[in-house]
Amino acid sequence: MSLDKAVAELVAESADPRLDCAPRWTRIRLGDAAEVISGYAFPSRFFGDEHGHPIIRIRDIARGQTTTRYSGPVPDGFWVEDGDLLVGMDGDFKARRWSGGRALLNQRVARVRAKVQIYSQPLIEEFLPAYLELLRDHTSSVTVRHLSIGNLREVPLPLPPVTEQARLAAAAEQLASKVGIVERDLTSALTRAEAFHARVAEAAFEPGEDWTLSALGEVGQLRSGIALGRRFKPGEELVQRPFLRVANVQRGRLVLDDLSIMPVRHVDAARAELRAGDVLMIEGGDRDKLGRGWVWENQVPGCIHQNHVFRLRLHPSDRLTPEYVSRYVNTVGQSWFDEHAKQTSNLASISAAAVAAMPLRVPPPGVAQRIAHTLAHSDRCLDDVAREIEQSRALIGGVRTAITAMAAQGRLSTTMPGDAAINENPAPSRTAPSPPPKTATQARRTRSAMKDGVPSMEEVLADQGPLSPEQLFAQAGFSPEEVERFYRTLLAAVERGRIRETADRRLAFVEDARA
């Protein structure tokens, strides 16, 4: 529930470049740079959907709008206007500029409104998220992390001159806008790739000559699994078996690294034991997940399945394969599950009878194998595209980190054409803490950033251990305009065996490369 150290001390010890401060500046407490207030505990009995004033709850911060209304008495001073910065005081401590219209500020939400004669509101929005991440990572909790308003006010922001703040904010916003365009293009590219993959599946299953139509229950034996929590008679002999849950059965793959163990009777274990070639499908859960599944390949001998997982065991046939049936169910067959599912208050399910009645397009002999091979190739292509996009997003994350870090270090281009360089500094605020000293790690990072190319990357990774691409981008001294150079340099280092990618997709220095 509380921090293990004072906020300023945590900032001084952090190696995050976004928390730096240019040597020519001092720092100022957020509580001195802005009006920071916590929301009011409005009585929930006055909450509704139709009447009263809009009220912002913590869940509304991320989505930027609220549908909750408050019809009770309203105290003074707890209104939010468009442009105010809101901070969630629980969970991940997210911050977002509000644009959902005038509304009331509920408890566990903080409003940050800059004192414009001292600090720029856009610059607070640029700097604050990194400090919130630091507070989140150092806040202990039993269930949910809670941020105190006092600790939020103690955040020591860099304090550039007011005239320089405006230029920093404008430069950061301009670069962030370009980054946003790239992020939207990446999202659009993945959407188009997924749509193309879906069209490939539709075309693959388009029936031609000699195709027939059969019900799913006619081509194999469909069974449900064993329910959890069954009671047994005293002295009844049981066996322990690994079993598949809904979470283990994903669309086109199985996740088997966290199998649970279930006590069952011998007869039930024999009935529900999986065999190689069984087609698995989800029976219940979120509506869009019904029917998803893949083929069991006997990865875990003796494994059984839970009652929320259907098993289809195909009859011998020269026209069908398990992979063909599973891919059919995961693509064109999904509409059947959606149409025949039953919805409760929060979960959906489908009966075995409805699944057995699902029509299946059966191709001529030999065609099913070719279709399964084609779709497997399409899967690999989509995975390659998704991986490239994810790597690009990681680099873009590094650019965002670098933008904030360079703004905090006073290295963003802030001089407009015709303007003189700005070096003046106002008198420090009486309440502003002194700039924290550089730590050894920060000093190493600064020396590394002075070098260029592969040696700089090597030194950063040797000093700090494995880093994500965005962390390396920021700490190796690259600017937001040098993404392409960073990527070329990194590839060269990898090809020369100086840097490798770890299992969790971080970058590590290869010790043997020093020799």
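Predicted model: local features only at pLDDT ≥ 70, side-chain atom pairs only at ≥ 80, totals over all residues.
Colleague: What is the phi of Asn298?

Modeller: First the general idea: most residues other than glycine have a negative phi. Asn298 is not a glycine, yet its phi is positive, at about 60 degrees.

Colleague: And what is the phi of Phe93?

Modeller: Phe93 has a phi near 55 degrees, again a positive value in a residue other than glycine. You will find Phe93 in the loop between strand E7 (85–88) and strand E8 (95–97).

Colleague: Is Phe93 buried or exposed?

Modeller: Phe93 is buried, because its relative accessible area is 2%. Asp92 is found in that E7 to E8 loop as well, but with a relative accessible area of 42% Asp92 is partly exposed.

Colleague: Which residues does Asp92 touch, leaving aside those up to four places away in sequence?

Modeller: On that count, Asp92 touches Arg136 and Arg145. For a distance check, take Asp92 and Val144: they are 52 residues apart in sequence, and their C-alpha atoms are 9.0 Å apart in space.

Colleague: Now the whole protein. How many helices and strands does it have?

Modeller: The protein has 16 helices and 26 strands. Of its 515 residues, 45% are buried. If you take the contacts between residues at least 6 apart in sequence, 76% of them join residues at least 24 apart.

Colleague: Suppose I want to read how helices pack. What describes two packed helices?

Modeller: The angle between their axes and the distance between the axes. Helix H4 (residues 121–137) and helix H6 (residues 162–204) give us a case: they pack at an angle of about 60 degrees, and their axes are 8 Å apart. H4 and H6 are therefore oblique to each other, and their crossing is left-handed.

Colleague: Which residues make that contact?

Modeller: H4 contributes Pro122, Leu123 and Glu126, while H6 contributes Gln165, Leu168, Ala169 and Ala172. By class, the contact of H4 with H6 has five nonpolar residues, one polar and one charged.

Colleague: At what angle do helix H9 (residues 322–330) and helix H12 (residues 367–408) pack?

Modeller: At about 55 degrees, with the axes of H9 and H12 8 Å apart. That makes H9 oblique to H12, and H9 passes H12 in a left-handed crossing. On the H9 side you will see Glu323, Tyr324 and Arg327, which meet Ala368, Ile371, Ala372, Leu375, Ala376 and Asp379 of H12. This contact of H9 with H12 divides into six nonpolar, no polar and three charged residues.

Colleague: How many of the nine residues of H9 are buried?

Modeller: Seven of the nine, so H9 is mostly covered. The buried residues are Tyr324, Val325, Ser326, Arg327, Tyr328, Val329 and Asn330. They pack against several elements besides H12, including helix H7 (216–219), strand E21 (309–314) and helix H10 (334–340).

Colleague: H6 and H12 have each come up. At what angle do their axes cross?

Modeller: At roughly 175 degrees, and the axes of H6 and H12 come within 10 Å. Angles over 145 degrees count as roughly antiparallel, and H6 and H12 are therefore roughly antiparallel to each other. The residues in this contact of H6 with H12 comprise 23 nonpolar, five polar and five charged.

Colleague: Last topic, the nonpolar cores. Which residues of the largest one touch the most other members?

Modeller: The largest nonpolar core holds 67 residues, and those that touch the most other members are Leu30, Tyr119, Ile124, Leu128, Leu152, Leu412 and Leu472. Another core lies apart from the largest one; it has 32 residues, among them Ala201, Phe205, Met281 and Trp336.

Notes. Residues numbered from 1 in each chain as written. Heavy atoms only, no water. Axes fitted to C-alpha atoms, helices over the stretch in contact; angles between N-to-C directions. Helix = DSSP H or I, 4+ residues; strand = E, 2+ residues; numbered from the N terminus. Parallel < 35°, antiparallel > 145°, perpendicular 65-115°, else oblique. Left-handed = near helix turned anticlockwise from the far one by under 90°. Contact = heavy atoms within 4.5 Å. Nonpolar A, V, L, I, M, F, W, Y, C, P; charged D, E, K, R; others polar. Core = buried A, V, L, I, M, F, W, Y, C linked by side-chain atoms within 4.5 Å. Buried < 20%, exposed > 50% of the residue type's maximum accessible area, 1.4 Å probe, protein only.
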